[in-house]
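Q: Can you walk me through this model? I'd like to go through a few local features and then the packing.

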Amino acid sequence: MIPKLMQSVSLPPVRIEASRRQFLIGALAAGTGIAVGFRLLAAAPAAASENATGSHAFSPYVTIDGDGRVTVLSSQFEMGQGSYNGIATLVAEELDADWSTIEVKGAAGNVQAYGNIAFGGAIQGTGGSTSMSTSWERYRKAGAAARAMLVAAAAEEWGVDAAEITVENGSLAHPSGKSGGFGDFAAKAATMPAPADVTLKQPGEWKLIGNDKLKRFDSARKTNGTEQYTIDVNLPGMLTAVMIHPPLFGAKVKSFDASAAKALKGVVDVVETPRGIAVIGEHMWAAIKGRDAVTVQWDETAAESRGTDEQMAMYRDLAKKPPVAMARKDGDAEAGFAGAAKVIEASFDFPYLAHAAMEPLNAVARMNEDGTLEIWGGHQFPDIYQRLAGEIAGITPDKVRLHVMKSGGSFGRRAVSDGDVVVESVYAAKAIGFRSPVKVQWTREDDMRAGRYRPAYVHSLKAGLDESGKLIAWHDHIVGQSIVARTALEGMIQNGVDPTSVEGASNLPYAIPNQTVGLTTTDFGVPVLWWRSVGSTHTAFAAETFLDEVAEAAGRDPVEFRLSMLEPDSRHATVLKLAAEKAGWDKPLPEGRFRGVALAESFGSVVAEIAEVSADGNGGIKVERVVAAVDCGLAINPDQVRAQVEGGIGFGLGAILGEEITLTDGQVDQGNFDLYTPLRIDAMPRVEVHIVPSANPPSGIGEPGVPPIGPAVANAAYKALGKRIRVLPFARSLNA
């Protein structure tokens, strides 16, 4: 949802400036972040104390209470991807904890401990499928250190040699018969010196890591409805606010009349904020009724008023021209095309996409009598929000306490560097003098019509084949908005290239001697944001469907054609061959079934997917089966890896089949799931996921399942219908 590597940054109030020098510093920080985390472990005894809940802190990552319950403090935000479960597995493994006693809470307010080392360590953030890769060593060491401290405490209590003590399933034992649980030693152990270093278990000793039968510790709460999200927060005296956002992006409030709204029962106040008008009520219904009664005059002089048709026409025109910047240049593409026996060209259109998470945006702000500000929310960039909230409230960031709540989905939507709904909650609470806590709650329509979107893109592709059918030249010109331009993360742009626009294209794994990837970044007044799998959502589709056309032009089998351009023992070739084997690529399909293949690397993982489709008889297709092979390094929780790939396939299918955000005269046409159509349950195909065994450290898995599904289905659809899908969603192409 956000790129794998951000720069190390020195954060001014809002804007992050990142030069090349800072980028290099960030890379160094990423390499030393784990060591920094471990120094914090060593420093733990100085900070060890019994907190208000009776838990004893062993480090910024682990507390244990008197009943032996282990709480893991997660630097990573839980939005359904399973980061809490994965991090808990790492701690419990090295701690030898009883899995049934594990709990995980979101942590914030200590960048040194919780900074994301993949982002340079200078900010805390969740995204880019980095949760496991950045926690892999840090949280195992935290568990091992806590174990050593418990053993040291028991040894002193029992007067025995620590080396004679064994730990298993949350209990300590000595050959003399002495035994006790974690809770018996927690208070004393938390005051023991943390080890300067620890020896981690070898793979042969693991009981939880890689255990295919380990169940998620939070499944019951999520299925019985007792899991708590921000939408469930209900503080004493809390008011609820809904926002009136501009109908056109970029419009400003000129004037408004709230007299009718204020006359309604339950409406407390109507206030203007820098992000729109907040209608504050005693409850959600009153706020919504009040909002309906407010009349607003808008200043639209600087607003975006163009529609989708105008936008895409402009993009297609730009795609025919030379790119403004180059993201990759190998060999001499022009010479390659000039010498080619056959040249193939195609262009692809991709629409804006909404995140459409099940829990729309929300946040709660409360000012306390002691001058501290508390904020409840799904904080994906917590320290940035802490800083922004402090500025609005007129207090220092250390007086802003964040409650990191689990979120009912995000897909990138909550990873905003301007605070979004978090700052709205503080503005609304401030506007009424902080006299009550305020929850700002967006509706589905608010998020769909005033949200931020996966950018729309146009790709123009060209390929050259020699007389033997070898691909000798490749050109991909990408046209679209930058996600990071004019944001706090603008420093990511290097030499005119936003890496989030070209990832998946600029690192195409195939050995093509002459290739270029160009980028023309557009200026269009619709806010954009990373969306699950970011750039690879469009680059993989364009490259892998066009590659199928090229293979057909070369008279080659699509799998064999791809393998001919990959190193035989590479990760890419391995997953492609595994997917082909498991799907029975070399075997005939039943009558009426058709197959397509695609391969993509994203967030350090490689995924190949083979889709089987059937024609539905009405000019459309039904996806019947998907076989996926994935190399994501070591699978900490194999069942969770499969679940993430399955979920990614469903998420990606919804997007390619029917989802699109369109604009008419600058206004978003879709408002809810009647017109914006994520995959329905009856359209979910049978999915098989095969994990390549690996001893390499874990890489990303939350997002890599998404990119290959679109092109795999499009390539199968071509076999079924004889029609290439070049304009997304499918519904638009197939109905054309």
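Q: Where is phenylalanine 603 found?
A: Phenylalanine 603 sits in the loop between strand S22 (593–602) and strand S23 (605–615). Helices (H or I, at least four residues) and strands (E, at least two) are DSSP runs, numbered from the N terminus.

Q: And what are the ground rules here?
A: This is a predicted model, where local features need pLDDT of at least 70, side-chain atom pairs count only at pLDDT 80 or more, and totals for chains, interfaces and linings use all residues. Residues are numbered from 1 along each chain as its sequence is written, and side-chain values use heavy atoms, with hydrogens and water left out.

Q: What is the phi of phenylalanine 603?
A: Positive, about 55°, although phenylalanine 603 is not a glycine. Most residues other than glycine have a negative phi, and most peptide bonds are trans. Phenylalanine 411 has a positive phi too, of about 60°, and is in the loop between S17 and helix H14 (421–431).

Q: Is the peptide bond from leucine 728 to proline 729 cis or trans?
A: Cis, with omega near 0°. Proline 729 lies in the loop between H21 and helix H22 (730–734).

Q: Switching to helices: at what angle do H20 and H21 pack?
A: H20 (residues 638–657) and H21 (residues 709–721) pack at about 60°, with axes 9 Å apart. Axes are lines fitted to C-alpha atoms, for helices over the stretch in contact, and angles run from 0 to 180 degrees between N-to-C directions. H20 and H21 are therefore oblique to each other; angles under 35 degrees count as roughly parallel, over 145 as roughly antiparallel, 65 to 115 as roughly perpendicular and the rest as oblique.

Q: Which residues meet there?
A: Ile649, Gly652, Leu653 and Ile656 in H20 meet Ile709, Gly710 and Val713 in H21 (contact means heavy atoms within 4.5 Å).

Q: Now the sheet. What is the strand order?
A: It is an open sheet of seven strands, S10-S11-S8-S18-S15-S16-S17, with mixed pairing. Two strands pair if DSSP finds at least two bridges between them. The edge strands are S10 (267–273) and S17 (400–404). From one strand to the next, the twist averages 20°.

Q: How do S8 and S11 pair?
A: S8 (residues 239–244) and S11 (residues 276–281) are antiparallel over five bridges, and threonine 240 has glycine 281 in S11 as its bridge partner.

Q: What does helix H10 touch?
A: H10 (residues 284–293) packs on the sheet, touching S8, S10, S11 and S18 (438–441). The direction of H10 makes about 30° with that of S8.
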